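Work through the exercises below with the sequence and the model open side by side. Each task is followed by a worked solution.

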Amino acid sequence: MRILVVGAGATGGYFGGRLAQAGRDVTFLVREKRAQALKKNGLLLHTAEGISKVEPKLLVAADLKESFDLIILTVKGFSLTAVLDEFAPAVGEQTMILPVLNGMRHLQIIEDRFGKQAVLGGLCRINATLDAEGQVHQMTPLHQLTYGEVSGQRSARIIKLDETLQHAGFEARLSDDIISEMWEKWLFLSSLGGITCLMRGNIGQVAQAPGGERFAKAFIQEVLSAIVAGGYQERPQATAHAIKELTNKASVQTSSMYRDMMQGFAVEAEQILGDLVTLSANAGLSTPLIDAAFTHMSVYQQQREKTLAGQ
């Protein structure tokens, strides 16, 4: 199976690098600047096992001419529209597109461009980051890639994909209800992001602060009401898990959006929080905490863009 990984950041670099190390036929589609750095230094993975180096196969958009069997889409949500044209030549009649983006709206965007048949459901759970040199650092042992047909069917192609992704140095898992799992990741991720970004601290710091636990629970309930309005059928164990993890006074967990904000990077505020605001408004729901978090991150984005424009 020929695999194209779109993006070689922390997520794409990690899972794509692991697949390449396991002998899978992996090519990375990257921008010219990233391509030059990877050609010079290789793709370096820092894991609990130590530092390993991958000599990746690379393409830039101008050189992409042939279709692939599987496209793993790992870009940030705010880059999705721009990359659709870039990887379009790789999409053939039988190509599977596995996006591991946050939120849910990206599924419709990709379906509108390439058709429903091409698109799988997917999500990943990993705490990883890129350092200033572009090296991938796995921050915790968590490294799970989950995927499935949007319909929930165990098709011949999804079974073949599962066989390809197994035993590649990370936890690969085929789901029979990937859409519910995607909703539940959004529940957890948006709550984690909103709580940590709005309060400017990790989960334990928020939970220990006066009113912090009450605030966290209220935020989770607002997110839950929004996604239920959007079509999610609540599974109580997922809600209970989110509440337990996001009110843990001993937790040092933060969100990638919080870490990006603290480093002055672009953030996925629109995809993680803004789409929840839209769902809530369409359903006539009052979600003042989500609204406040989205406004807060929008102000950050404005300030960042103004700073960059002045450089």
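Predicted model: local features only at pLDDT ≥ 70, side-chain atom pairs only at ≥ 80, totals over all residues.

**Exercise 1. Strand 2 and its surroundings**

Task: Decide how many of the five residues of strand 2 are buried, and find which strand is joined to strand 2 by five bridges.

Solution: 
- A residue counts as buried when its relative accessible area is under 20%.
- Four of the five residues of strand 2 are buried, so this strand is largely enclosed by the rest of the structure.
- Strand 2 covers residues 25–29 and is joined by five bridges to strand 1, residues 2–6. The two strands run parallel.
- One of the bridge pairs can be named: Val 6 has Leu 29 of strand 2 as its partner.

**Exercise 2. The sheet and the helices on it**

Task: Give the strand order of the open sheet of five strands, then state which strands helix 1 touches.

Solution: 
- Read across the open sheet, the order is 5-2-1-6-7, and the pairing is parallel.
- Strand 5 (57–59) and strand 7 are the edge strands, each pairing on one side only.
- On average, neighbouring strands are turned by 30° against each other, direction ignored.
- Helix 1, residues 10–21, packs on the sheet and touches strand 1, strand 2 and strand 6. Its direction makes about 155° with that of strand 2.
- Helix 3, residues 80–87, lies across strand 1, strand 2, strand 6 and strand 7. Relative to strand 6, helix 3 runs at about 165°.

**Exercise 3. The second largest pocket**

Task: List the residues that line the second largest pocket, and say which element gives the largest share of that lining.

Solution: 
- The second largest pocket has a volume of about 190 Å³.
- Its lining consists of Met 1, Ser 67, Phe 68, Asp 69, Gly 92, Glu 93, Gln 94, Thr 95, Met 96, Gln 117, Arg 157 and Lys 160.
- Two or more lining residues come from each of strand 6 (68–73), strand 7 (91–99) and helix 5 (156–165).
- Strand 7 gives the largest share, five residues. Strand 7 is also an edge strand of the sheet in Exercise 2.

**Exercise 4. The largest cavity**

Task: State how many cavities of 30 Å³ or more the structure holds, and describe the lining of the largest cavity.

Solution: 
- A search of the whole structure finds three such cavities.
- The largest cavity holds about 50 Å³ of space.
- Lining this cavity are Leu 101, Asn 102, Gly 103, Gly 122, Leu 123, Met 182, Lys 185, Trp 186 and Leu 189.
- Strand 8 (121–130) and helix 6 (178–199) each supply at least two of the lining residues. Helix 6 provides the largest share, four residues.
- Five of the lining residues are nonpolar, three are polar and one is charged.

**Exercise 5. Leu 174 and Gln 301**

Task: Classify Leu 174 as buried or exposed, do likewise for Gln 301, and name what each touches beyond four places in sequence.

Solution: 
- Leu 174 is found in strand 10, residues 171–174. With a relative accessible area of 14%, Leu 174 is buried.
- Outside its sequence neighbours within four places, Leu 174 contacts Tyr 147, Gly 148, Arg 154, Ile 158 and Asp 162.
- Gln 36 is 138 residues from Leu 174 along the chain, and their C-alpha atoms are separated by 35 Å.
- Gln 301 lies in helix 12, residues 288–309. Its relative accessible area is 17%, so Gln 301 is buried.
- Residues up to four places away aside, Gln 301 touches Ala 266 and Val 267.

**Exercise 6. Two loop residues with positive phi**

Task: For His 167 and Arg 200, find the loop in which each lies and the value of phi.

Solution: 
- Most residues other than glycine have a negative phi.
- His 167, not a glycine, has a positive phi of about 60°. This residue lies in the loop between helix 5 and strand 10.
- The relative accessibility of His 167 is 73%, so His 167 counts as exposed.
- Arg 200, not a glycine, has a positive phi of about 55°. Its loop is the one between helix 6 and helix 7 (203–208).
- Arg 200 has 44% relative accessibility and therefore counts as partly exposed.

Key
Residues numbered from 1 in each chain as written. Heavy atoms only, no water. 1 Å grid on protein atoms, 1.4 Å probe; cavity = no way out; pocket = protein on both sides within 12 Å on 5 of 7 lines; lining within 4 Å. Points joined across faces, edges and corners; volume = space filled by probe spheres on them. Pairing = 2+ DSSP bridges. Axes fitted to C-alpha atoms, helices over the stretch in contact; angles between N-to-C directions. Contact = heavy atoms within 4.5 Å. Buried < 20%, exposed > 50% of the residue type's maximum accessible area, 1.4 Å probe, protein only. Nonpolar A, V, L, I, M, F, W, Y, C, P; charged D, E, K, R; others polar.
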